[in-house]
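Open the structure in your viewer and keep the selection tool at hand. This tour goes stop by stop.

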Amino acid sequence: GSRFIRARVGGAPGPLSSPAAPLEGPQDTTLLFESRFESGNLQKAIKVGPYEYVLMLRPDLYTAKHTQWFYFRVQNTRQEPLYRFTIANMAKPKSLYGQGLRPLLYSQRDAQSRGIGWRRVGTDICYCRGSAEEPLTFRLSWTVRFPHDGDTCFFAACYPYTYSDLQRYLRALAADPARSRYCTVQALCRSLAGNTVYLLTVTSPGGAAGKRAVVASARAHPGESGGSWAMRGFLDFLLSAHADARLLRRLFVFKVVPMLNPDGVVVGNSRCSLAGRDPNRAYGMAFPGSFPGVWHLRAMVQRVLAEREVVLYCDFHGHSRKNNVFMYGCDAGGDGAGTRLRQRVFPLMLSKNASDKFSFSSCKFQVQKSKERTGRVSMWRLGVSHSYTLEVAFSGSTLGGRSSHFSVEDLKSLGRLLCDTLLDFCDPAPAKLQQCLVEAEALLQQQMGRGPGSGGSWSDVSPSELESRYVISCHHMSPRGA
């Protein structure tokens, strides 16, 4: 009964049609391409030389744009030649591929024989404007050698995390008698294609009376799979036997939606759902039939707020143009100085806990008109005073002596560090909170040229003025001690 059978796991059953260019014999070195699998995206491959291919990505379904996520298979590889690939229809004018980001490769033979999974590959990487005929498209090119003859390999823009991966994780969770005691899994709603949008409730057994709530979500944008790996680390830690995890479950009720846009993830979209629109610009719109995930998430938060305080909302995303990890918060400018400073304390604490990954200087707090219908702004308007988007770079970190791509373990560690920071933020002995507020105010006074007793108040400072000076100064704060 689904309207979009091909957007469901197991949809469109039956064998795939044959490749467009079958091999002519064992000496034919043509690569065989395939992307008709879950989360796959490659529309066309054109052989332009013996070992050179021009590739075209499929736009998000029901749109003519949003070409960024790629994930495809190649077969009939040769170990010796140097291959050149060019994706000719990338959509964004700027990309981390111009700053050292490299594509990912997975070799089935290396995975089976040596336990090697996804790895970064590619030399002579170039990201540049397209041809004169296609001035609004951009080209990504890279050169690579395959590790084996006759291998099956995959390329991807970021470590894939599919809807089936999430379902396997939830099945293992349900089968674990320890973790299932304090985690319930239910359907928040059904997507347009009939896929379940899952809601996890995590808290210690024995009731939720007197507990505050924390809400987290991920994968509104399907091409930002790094957000799912950070969410995986968040859940792994929260459901662990660690003393801090037990304390968090005693203190809070966690409401977690790990994959808001499963349809987009299944079909290999970059940004949109099957409505052909960006779901993270649809909050507050009265269209549950078009955007069921975000509509039901917002309604759920309203119900929770009627019962208890929601101390934090965090929406996990990925970023294709900036390195490191950072947050977007909410500051509309009408609040007093204390509220403005407190908006910045949670990201500042996270930067101290994750000093080699999290860049406070990259955080922004202004609420732009174009972002009014995002998750973080919508939740803030509902009354969640600390509402953030967590942005995880597609590439890696330039902090703490690092200059490297994020591994899956790096991404998962962000979830644990977020939990650590939540405990700091809500510590009943507020020494760390007070220290951050004092440091922030002192730095602001210094940066704004106002010494103690100079008159005036922080409520006179505009958000943009406060932001531009505050992020520069706080970038140099010392990291948290052990």
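The stops below visit a sheet, a helix and a pair of helices. Keep in mind that this is a predicted model.

**Stop 1: the sheet.** Select β1, β4, β10, β6 and β7. These five strands form an open sheet in the order β1-β4-β10-β6-β7. Their pairing is antiparallel. Now find the edges. They are β1 (32–34) and β7 (119–120), and each pairs on one side only.

**Stop 2: inside the sheet.** Select residues 104–107, strand β6, and residues 153–156, strand β10. The two strands run antiparallel, joined by four bridges. Pick S107 and look across: C153 of β10 stands opposite.

**Stop 3: helix α3.** Select residues 226–238. Is α3 mostly covered or mostly uncovered? It is mostly covered, with eleven of its 13 residues buried. Colour some of the buried ones, including W229, M231, F234 and F237. G226, G227 and G233 are buried in α3 too. Next, check the length between the end C-alpha atoms: they lie 18 Å apart. At 1.5 Å a residue, the 13 residues should span 18 Å, so the two values agree.

**Stop 4: two crossing helices.** Select α4 (residues 243–251) and α9 (residues 408–425). Their axes come within 11 Å and cross at roughly 60°. That angle makes α4 oblique to α9. The crossing is left-handed.

Show side chains here. Which residues of α4 meet α9? They are D244, L247, L248 and L251. On the α9 side, the partners are C419, L422 and L423. As a general rule, an α-helix has 3.6 residues a turn, so residues three or four places apart point the same way.

Key:
Residues numbered from 1 in each chain as written. Predicted model: local features only at pLDDT ≥ 70, side-chain atom pairs only at ≥ 80, totals over all residues. Heavy atoms only, no water. Expected span 1.5 Å × (residues − 1). Buried < 20%, exposed > 50% of the residue type's maximum accessible area, 1.4 Å probe, protein only. Pairing = 2+ DSSP bridges. Axes fitted to C-alpha atoms, helices over the stretch in contact; angles between N-to-C directions. Parallel < 35°, antiparallel > 145°, perpendicular 65-115°, else oblique. Left-handed = near helix turned anticlockwise from the far one by under 90°. Contact = heavy atoms within 4.5 Å.
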